[in-house]
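Trainee: I have a new model open and would like to learn how to read it. Could you take me through it?

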Amino acid sequence: MVTPTFRFDPVEMPPEALETRKEVRAFIKEHEHLMGFSRGEFNRDFSRAMGKKGWIGMTWPKQYGGHERTSFERYVVIEEMLVAGAPLSAHYTGDRQSGPNMLRFGTEEQKNYFLPRIAAGEMAFCIGMSEPNSGSDLAGTRTRAQKVDGGYKINGTKLWTSNAHRADYAILFCKMAGDGKEEPDRHAGATQFLLDLKSPGIDIRPVINLLGEHHFNEIFLTDVFVPDNRLLGAEGNGWNQLTSELSFERSAPDRFLVLFQMLQQMIRMAGPEPDKATAAALGKLISQLATLRSMSVSIAGMLQEGINPNNESAVVKDLGTRYEQDIPVVARQLFPAEPELEAIDLYSSMIARSTMNAPRFSIQGGTREILRGIIARGLGLR
Ligand SMILES: Cc1cc2nc3c(=O)[nH]c(=O)nc-3n(C[C@H](O)[C@H](O)[C@H](O)COP(=O)(O)OP(=O)(O)OC[C@H]3O[C@@H](n4cnc5c(N)ncnc54)[C@H](O)[C@@H]3O)c2cc1C
């Protein structure tokens, strides 16, 4: 008999979170000209403005530039920003995963140096995990670090690195160079570094996505020197650190709100008296959204209690990305339109953008198959 180990307790948002919501909405109104369709934009000024409001590193200790607020308040800030299509990219990775990873595994010097800068919206991080031959299979990483005097020499290639061309630092995942013999333990020697992207020997080349935009990159590392004090955690502990970082990445509420504006647009187009089929299709999307949100708020409650929501996050990400991928499909069925990226008509450009964006939802941050493997393990099925 398998014992289900998922926990989605119903959670009420505390009153302070409702106050925060009002404040965030007022801020968004003030910055309306910067809002867009989905959160892709990278805007350092906006991140600095959010830092000034205390909305980055919200739950971190004050001694490292954080604000010791609750996970619920943080949830509300992110939720409102995503729904509005705010340009979060310059601080989002640092806030969501690089900072928390450092809080957990970093040295005092690293926490004192990096965290206040991230929280102020001054320093942007990116994620250096995937490689040409290891995306899902991160244990197969080929990038190698070799111990040298005063630090490490790193060689290898990273791929799909979002915003590497704009960020300041990457958390780089690699392995320690061994003696060339096959290691029986595939996780042996795994190590993470805080990599200054301005270091000599780094060549960042653009990879253009389906939309014709420069969002991710390939990074070539040739004899890149990283000083001892930029080793994150311990040599050989990288796998443990990486899975912790991925769990921070997946527990965020950003996996089902990217197309919220499109849903709103469809509701507007349906009008106050939609026919039965339209009402049923939109009702299904809205009820799925409401359920996903309850599950996601419940995860915020777990984070608040210090519980690791690894399995629950995988469920929400998997269901959330399926829901997001359904939105453009339902839109095309209900309101057919010629997709055109640069169309003046908002809906035609939304159709084009969302259709071309949809495949990525179930790839980034772990593919559907990988997440389902995690869920199966959580259920004790493998
Ligand atoms: C928009 C976007 C942004 C990204 N940003 C970043 C970033 O900033 N930093 C970064 O490091 N990476 C980033 N990635 C990369 C992303 O994490 C990888 O693409 C993803 O992990 C899949 O790896 P892969 O592309 O090598 O595919 P593969 O691992 O080769 O997978 C190919 C297919 O095989 C399936 N598969 C693989 N292994 C198994 C298995 N064991 N069981 C069942 N099925 C399996 C997969 O589910 C997939 O369908 C980004 C990707 C996208 C789309």
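Trainee: Between which domains does the ligand lie?

Mentor: Keep in mind that this is a predicted model. Domain 2 (127-237) and domain 3 (251-378) both contribute residues to the shell around the ligand, so the ligand lies between them.

Trainee: Which residues are the closest to the ligand?

Mentor: Of the 19 residues that surround the ligand, the closest are Met-129, Gly-135, Ser-136, Thr-367 and Glu-369. β1 gives the most, with three residues. By class, the shell holds seven nonpolar, nine polar and three charged residues.

Trainee: What about domain 1 and domain 3: how many residues are in contact there?

Mentor: Domain 1 covers 15-123 in the domain assignment. 13 of its residues are in contact with 13 residues of domain 3. On the domain 1 side, α3 supplies the largest share, seven residues. The centres of these two domains, taken over C-alpha atoms, are 22 Å apart.

Trainee: And how do I describe a pair of packed helices?

Mentor: Use the angle between their axes together with the distance between the axes. Take α3 (residues 71-84) and α8 (residues 276-305): their axes come within 8 Å and cross at roughly 145 degrees. This crossing of α3 and α8 is right-handed.

Trainee: Which residues make that contact?

Mentor: Ser-71, Phe-72 and Tyr-75 come from α3, while Val-297, Ala-300, Leu-303 and Gln-304 come from α8. The contact of α3 with α8 has five nonpolar residues, two polar and no charged.

Technical notes
Residues are numbered from 1 along each chain as its sequence is written. This is a predicted model: local features need pLDDT of at least 70, side-chain atom pairs count only at pLDDT 80 or more; totals for chains, interfaces and linings use all residues. A residue is near a molecule or strand if its C-beta atom, placed from the backbone, lies within 6 Å of it. Helices (H or I, at least four residues) and strands (E, at least two) are DSSP runs, numbered from the N terminus. Ala, Val, Leu, Ile, Met, Phe, Trp, Tyr, Cys and Pro count as nonpolar, Asp, Glu, Lys and Arg as charged, and the others, Gly among them, as polar. Domain bounds come from an automatic or database domain assignment. Axes are lines fitted to C-alpha atoms, for helices over the stretch in contact, and angles run from 0 to 180 degrees between N-to-C directions. A crossing is left-handed if the near helix is turned anticlockwise from the far one by less than a right angle, and right-handed if clockwise. Two residues are in contact if their C-beta atoms, placed from the backbone, lie within 7 Å.
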